[in-house]
Amino acid sequence: MAAHFLVIENLGKTYPATGSATNPPVFENICFAIEKGEFVCIIGHSGCGKTTILNVIAGLEDATAGNVFMDGREVKGPSLDRGVVFQSHALMPWMSVFSNVAFAVRSKWPDWPKHQIESHCREYLEMVGLGHALQKKPAELSGGMKQRVGIARAYAIQPKMLLLDEPFGALDALTRGTIQDELLKIVQATRQTVFMITHDVDEAILLADKIVLMSNGPYARIAEIVEVTMPRTRTRAEIHHDPQYYRIRNHLVDFLVNRSQHFAGIPTANDWKPPLVRPGLTVSSPASM
Amino acid sequence: MMRSERAKAALISVLLFLVFVGVWHIATLPKESAMAATSGADAEYAALMGKGAEKSGGFPAPAQVGKAFVTYLSDPFYDRGPNDKGIAIQLGHSLARVGLGFLLAVLVALPAGFTIGMSPLLMRALDPFIQVLKPISPLAWMPLALYTLKDSSISGIFVIFVCSIWPMLINTAFGVASVRRDWLNVARTLEVKPLRKAFMVILPAAAPTILTGMRISMGIAWLVIVAAEMLVGGTGIGYFVWNEWNNLALPNVIFAITMIGIVGMALDGLFGRLQKLVTYRE
């Protein structure tokens, strides 16, 4: 256990019911782990509790059951060790692009002198290609640029782990492609540990090392974990030439269309371990993680 | 396009004003028959009362009011005893009272509104009190204020304080309570300290709503000060109006009314500008 970077143990969430009725849990007995430097995507239909899991890892929400450990310490409340990129970018509209990032940087290193904060922020905004828009207000930016600022803000505090809550969901396909490329480049260069929610199968295959598949709620569970068995040096331009790409893609789409409903409404066994799947290669079960 | 539109609007405004003054002038022309009838006993009575003849002409004509404007605006700062001060001095007294009462209200309403806005429990607990206190005419507090404070000037300030506190308190609480969850979550993930969060996140996020409350409060305060000064007396534009009414100097009353309107407009404009300053586009 101690070897894993992030460990999620028997996580469950039940929302309080109105009146005397009891609600079934949205999800229960969620167990998985993330290694340092790993990029993990989670895919599932709306309402299966993906965002809740991410919020629990971020420390923004409490689970009803189970624990999360990062780097051997239990996650209790939000921390600067985990940077979050929000679905709605969540930039402060009254601050400039630069100030938004500087606000985060100053939170992490309150003792830094002004020039150090400035050069640090500039570096991260240039990394996402926004070196020219430092003094713009978020309202003056396109959706893609806003989300880039969000990524820069999360990255700039140099967190141990990055949590992305469907960051490109609201973007058009072209913009999404460009930002995916940029994120891929940055993540490959920094070996950042990332946990990301997405609805986009192609996005998951492009970015992830492992893809966690969640079944539908109530009683949502991790149905299986798919390993993306392609070299990490993949690019968006070439990835679809790899024969392995379509095997993985078909497997994921099959899951979302058909198999994701199989577990809905069935309580999850305490010792449920999702199988680790390598589509087109071998199937090893249950996951040895 | 925009400029010509604006010029047209200005032109229409001026025309409307001229029409208004014209109609006013015609309506207040001395009536022949009435003048003729004012003979005998009436004329004698008028003579007995001194300058009575001038005043019995009824509603003042624009020219008389214009004369009052010239007289008062040409020397706004004179001070000839308690009942005869320049208009600027009277307005200054009123503005000082409004300013002081308003400032005190800000000092109470902003922190209180912040606290209430942060705590749904407090918000619910205090809601009945606010709902009962809010609709009370601030002038109804005057007897209590005079009795406890024993000073008419301070009582005036207290009345302004009471009337301007509610819109600010309610708007601040509402603004603080409805700060976007996302922004608070950002602050939480960045482990921002409570005080820094209050000033860097919550205050700017709620500022437009708070400023709206301040603008409403200032409007009400300016409405109330006239009535309060009529009641309390001594100085101020409200007292000036009442005093001129007692002198039966209606041109001066009309002049004072106009000044109240202009100052009120300026105050509202000031807060409108402040509001624009803190408003952000999402």
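Guide: Two strands pair if DSSP finds at least two bridges between them. Strands (E, at least two residues) and helices (H or I, at least four) are DSSP runs, numbered from the N terminus. You're looking at a predicted model, where local features need pLDDT of at least 70, side-chain atom pairs count only at pLDDT 80 or more, and totals for chains, interfaces and linings use all residues. Residues are numbered from 1 along each chain as its sequence is written, while chains are lettered from A and ligands numbered from 1 in the order in which they are written.

Visitor: In what order do the four strands of the open sheet in chain A run?
Guide: The pairing is antiparallel. Strand 2 (27-34) and strand 5 (73-74) of chain A are the edge strands, each pairing on one side only. So they sit at the ends, as pairing takes at least two bridges, and the order is 2-1-4-5.

Visitor: Which helix of chain B gives the most to the side that touches chain A?
Guide: Contact here puts C-beta atoms, placed from the backbone, within 7 Å; 15 residues of chain B are in contact with 17 of chain A. Helix 10 (181-189) and helix 11 of chain B each supply at least two residues of that side of chain B. With six residues, the top giver is helix 10 of chain B.

Notes: Two residues are in contact if their C-beta atoms, placed from the backbone, lie within 7 Å.
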